[in-house]
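Let us walk through this model one piece at a time. Start with a single residue, then step back to the whole chain.

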Amino acid sequence: MIILGCVVGLWIVGKIFSIPLKAIFKLIANSVLGGILIFIINLIGGAFNFHIGLNVGTSILVGILGIPGAILLIILKYL
């Protein structure tokens, strides 16, 4: 009974912590994709002397907001 109780307790704790971990992994994956999008914008913009800084902040911004975040960075660059 003690072993069964420990297994059930570990399962419950695992379920509690798995939800925030999924959100963290999704944020990391989206940030990496945002960094790739900024890199592509810099490759294309290099022909027009246009560059957006590739750092953690801009990568997370584009990762969270997606394409509108990239457009926001382009607009902010022109301001």
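Asn-49 counts as exposed, because its relative accessibility is 76%. Here buried means under 20% relative accessible area, exposed over 50%, and partly exposed in between, with a 1.4 Å probe and protein chains only. Asn-49 sits in the loop between helix H1 (2–45) and H2. Its phi is near 60°, a positive value in a residue other than glycine. Most residues other than glycine have a negative phi.

A word on the ground rules. This is a predicted model, in which local features need pLDDT of at least 70 and side-chain atom pairs count only at pLDDT 80 or more, while totals for chains, interfaces and linings use all residues. Residues are numbered from 1 along each chain as its sequence is written, and side-chain values use heavy atoms, with hydrogens and water left out.

Now the whole chain. The protein chain has 3 helices and 0 strands. Its pattern along the sequence is α-α-α. Helices (H or I, at least four residues) and strands (E, at least two) are DSSP runs, numbered from the N terminus.

What are the dimensions of the C-alpha trace along its principal axes? The trace spans about 70 × 20 × 15 Å. The radius of gyration of the protein chain is 20 Å, whereas a compact globule of 79 residues would have one near 12 Å. That radius is taken over C-alpha atoms, and the globule rule is 2.2 Å times the number of residues to the power 0.38. Of the 79 residues, 20% count as buried.

Leaving aside residues up to four places away in sequence, Ile-41 touches Phe-50, Ile-52, Ala-70 and Ile-74. Contact means heavy atoms within 4.5 Å. The C-alpha atoms of Ile-41 and His-51 are separated by 7.8 Å, and these residues are 10 apart along the chain.

Turn to the other two helices. H2 (residues 56–65) and H3 (residues 67–78) pack at an angle of about 135°, their axes 5 Å apart. Axes are lines fitted to C-alpha atoms, for helices over the stretch in contact, and angles run from 0 to 180 degrees between N-to-C directions. H2 is therefore oblique to H3. Angles under 35 degrees count as roughly parallel, over 145 as roughly antiparallel, 65 to 115 as roughly perpendicular, and the rest as oblique. On the H2 side, the contact is made by Thr-58, Leu-61, Val-62 and Leu-65. H3 contributes Ile-67, Pro-68, Gly-69, Ala-70, Leu-72 and Leu-73.
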